[in-house]
Amino acid sequence: MLRYLLNFKQIIMNLKSFAKELEAVYTKKDNVYRMKIGSSQALSKFVRKVFPVQIDYREAFMCVYLNTANNTIGFTVVGLGGLTGTIADPKTVFQHGLLCNARSVILVHNHPSGNLTPSQADINLTKKMVDCGKLLDITVLDHLIITEESFYSFADEGLM
């Protein structure tokens, strides 16, 4: 038996010489603003406190992660763009969700133009994120588009 254990240890050592071992780390910060999200209005209020850019200046895409009680457990900026667009990679969205053990996620981005109407790209991205979330058991609860004046909720409009 000892011989097999030594062989297994040698195999592991050989594998480590060919590939790097990765480590995923979840760091909990005590100063993160926390809030229960029970409506799109509450979400809009939360997002405006943590949004990474001036809302009417340039586009940004962020995600808010929630636990099973719909309390915020974290948020992350997924993309910073220009005046007319930004990138949101599903792998990044759900990587952060998995790291913080989220039960659900809310997608948020702004329209610097002030136009609340979702583009076809916004609608397609939302569907793609919902499909990805189903595979990982992380529910996409909403996609919020915010402007300086107001917001548009996909969930409130029946598009989720």
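Leu136 counts as partly exposed, at 37% relative accessibility; here buried means under 20% relative accessible area, exposed over 50%, and partly exposed in between (1.4 Å probe, protein chains only). This residue is found in helix 4 (residues 120-136). Helices (H or I, at least four residues) and strands (E, at least two) are DSSP runs, numbered from the N terminus.

Please keep in mind that this is a predicted model, in which local features need pLDDT of at least 70, side-chain atom pairs count only at pLDDT 80 or more, and totals for chains, interfaces and linings use all residues. Residues are numbered from 1 along each chain as its sequence is written, and side-chain values use heavy atoms, with hydrogens and water left out.

Together with Leu98 and Leu135, Leu136 forms a nonpolar patch on the surface, with about 320 Å² of accessible area. Patches consist of residues with over 30% relative accessible area and no salt bridge, where nonpolar side chains (Val, Leu, Ile, Met, Phe, Trp, Tyr) are joined within 5 Å and like charges within 9 Å. A salt bridge is a side-chain nitrogen of Lys or Arg within 4 Å of a carboxyl oxygen of Asp or Glu. Areas come from the Shrake-Rupley method with a 1.4 Å probe; for residues, only the protein chains shown count as cover.

Five strands make an open sheet in the order 2-1-3-4-5, with mixed pairing; two strands pair if DSSP finds at least two bridges between them. Strand 2 and strand 5 (151-153) stand at the edges with a single partner strand each, so one side of each has no neighbour in the sheet. From one strand to the next, the twist averages 20°. Strand 4 (residues 139-146) pairs with strand 5 in the antiparallel sense over three bridges, and Leu144 has Ser153 in strand 5 as its bridge partner.

Next come the aromatic rings. The whole structure holds two aromatic pairs. Rings of Phe, Tyr and Trp (its six-membered ring) pair if their centres lie within 6.5 Å; planes under 30 degrees apart count as stacked, over 60 as edge-to-face and the rest as tilted.

| Pair | Centre to centre | Between planes | Geometry |
|---|---|---|---|
| Phe46 and Phe75 | 6.1 Å | 80° | edge-to-face |
| Tyr152 and Phe154 | 5.6 Å | 90° | edge-to-face |

Phe46 in helix 2 (residues 40-50) and Phe75 in strand 2 (residues 72-80) are 29 residues apart, and their pair links distant parts of the chain. Phe46 is buried at 0% relative accessible area, while Phe75 is partly exposed at 33%. Tyr152 counts as buried at 17% relative accessibility, and Phe154 is buried at 1%.

Technical notes:
Axes are lines fitted to C-alpha atoms, for helices over the stretch in contact, and angles run from 0 to 180 degrees between N-to-C directions.
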